[in-house]
Amino acid sequence: MSDKLAIAGGTPVVDTKTIKSWPVITQDDRDAVLRVLDSGIVAGGTAPEAVGLEKDWAAYCGSKYCLTTNSGTAALHMALAAAGIGPGDEVITSAFTFLASASCALHQNAIPRFVDIDPRTYTMDPSKLEAVINERTKAIIPVHIQGIPADMDPILDIAKRHDLVVIEDACQAHGATYKGKKAGTMGLMGAFSLNCLKNLCGGEGGLLISDDEYSIKKASLVRMFGDEVDDERQIRVYNASILGWMYRNQELPAAFARSQLKRLDQFNATRAKNSEYLTEAFKDIPGIIPPYVPEDRTHVYFFYIIRLDPKAAGVDAPPRKFREAVEKAIFKEGIPIGQWQTMPVPAQDLFQTKYGYGKTGFPWTYNEELKKITYNVNDYPEAQKLCEDYTVVHGTHPPNDTDLMAKYVETFQKVFSNLDEVMAHADDDIQAGFSPTLYGAS
Ligand SMILES: *Cc1c(COP(=O)(O)O)cnc(C)c1O
């Protein structure tokens, strides 16, 4: 190995072309999709693959009911609509998440509010939750971020005391557990995404689970125009009882996801093995803070994220500058690396301008109380700090293995033993990140 950093003209440690993309597609997946085409049935409420996926996912989670839908965002929206959330209501989620955990409330004309995160797990901090609850609050959406479940017991406790609905955003946590319980099964409903990046991939798609028959019946109406179905004859009667959308999944992605599901546990085990391999090695490199997994939880490592601490690394630089410099150096060594969310969700323009439906300011203008709501980023100091110093190390998904992870460790060791050189290149014009093809997208 050459000690000269790639950023300074040396040889990169990793040949980026050797990093394999996600999802892992096998002959079984091809056969599953072809079976749909051969059957001639490509859509419909009782189409066998969509219904089969619902049964299989409910069984996997140990849930009574499951609905498949066309996205994780749709699953979240269906859940809120089914729970009767509407204009004038407030819905609380985590400040560090993907926008959809919050915009699903706006889709139902309700108002999202945010709670800061626990600085070690990056999930909603339950000790800060009650301060955000008021008489308008109707629901809490904890997010199992990056594959680690939120601290559900205190959240469920608080929800119970205030009579609030809990809907889990488990879009990044297929198969993760909290005190032995599967992510998505602890609240009234749990939403999952099947988009191409996620641990369970259908290309696009979503899943909603619940043990509550009433909620699932309502969510099912919302999924398809609000159209009532004649229970006995199982046909649509073209009489909408409530407002609904068109959120059905399709047979082809459902067949693909169903085939992938057979290998989900195996995929998650590979993610954990690769991630734990990195974590073990990173413990010996001052300045890298690997993911923290409390003993009562299992992590499914949707993304492998680390924090970078200039002080511990012996570098006199602000966290953002240090993080960006390390990203550039690691990226030049051949590893796709870079941030996912770059700011807490409430810092996004949508919440700063409140231009939800254009100039009207609706739904914040629904009443005088809601008009007063503003989103001050300083209310979420831990999420803000995280967005300065965290980054995602890409390529830890299967079929990549610990041979590649050994190269990753070698790369970080090389970069962290040349931090003066790294900082000398801090302002180089390099855009770190990853190619969408790494996750089967384009
Ligand atoms: C992916 C994701 C969603 C939305 O899923 P889509 O299928 O892309 O609509 C929602 N919440 C979180 C936390 C996600 O990561």
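1. Domain placement. The C-alpha centres of domain 1 and domain 2 are 30 Å apart. The protein chain splits into domain 1 (6-24 + 264-341 + 385-439) and domain 2 (27-262). These bounds come from an automatic or database domain assignment. To the contact, domain 1 gives 27 residues and domain 2 gives 37 residues; contact means heavy atoms within 4.5 Å.

2. Basis. This is a predicted model, in which local features need pLDDT of at least 70 and side-chain atom pairs count only at pLDDT 80 or more, while totals for chains, interfaces and linings use all residues. Residues are numbered from 1 along each chain as its sequence is written, and side-chain values use heavy atoms, with hydrogens and water left out.

3. Buried area. Domain 1 and domain 2 bury about 2800 Å² between them, with 59% of it on carbon and sulfur atoms. Buried area is the accessible area (1.4 Å probe) that two parts lose on being put together, summed over both. On the domain 1 side, Leu-264, Arg-297 and Phe-302 lose the most area to domain 2. Together they make up 27% of what that side buries.

4. A salt bridge here is a side-chain nitrogen of Lys or Arg within 4 Å of a carboxyl oxygen of Asp or Glu. Asp-151 and Arg-297 form a salt bridge, with their closest N and O atoms 3.7 Å apart. Arg-297 is also among the residues of domain 1 that lose the most area to domain 2. The two domains share 15 residue pairs in polar contact, both residues at pLDDT 80 or more. A polar contact is a pair of N or O atoms within 3.5 Å; within protein, one must be able to donate a hydrogen and the other to accept it, and residues adjacent in sequence count only if both atoms are side-chain atoms.

5. Elements on the domain 1 side. Helix H8 (264-282), strand E13 (297-298), strand E14 (304-308) and helix H13 (381-389) each give two or more residues to the side that touches domain 2. H8 gives the most, with 5 residues. Helices (H or I, at least four residues) and strands (E, at least two) are DSSP runs, numbered from the N terminus.

6. H10 against H13. The axes of helix H10 (residues 319-332) and H13 come within 7 Å and cross at roughly 35°. Axes are lines fitted to C-alpha atoms, for helices over the stretch in contact, and angles run from 0 to 180 degrees between N-to-C directions. Pro-319, Arg-320 and Arg-323 in H10 meet Cys-387, Glu-388 and Asp-389 in H13.

7. Salt bridges overall. The structure holds 28 salt bridges. One of them joins the side chains of Asp-89 and Lys-138 at 2.9 Å, N to O. Asp-89 sits in the loop between helix H3 (72-82) and strand E2 (90-94), and Lys-138 in strand E4 (residues 137-141). The two are 49 residues apart, so the pair links distant parts of the chain.

8. Backbone points to check. Most residues other than glycine have a negative phi, and most peptide bonds are trans. A cis peptide bond joins Phe-362 and Pro-363, with omega about 5°. Pro-363 lies in the loop between helix H11 (349-353) and helix H12 (368-371). Pro-398 and Pro-399 are also joined by a cis peptide bond, with omega about 5°. Tyr-122 has a positive phi, near 70°.
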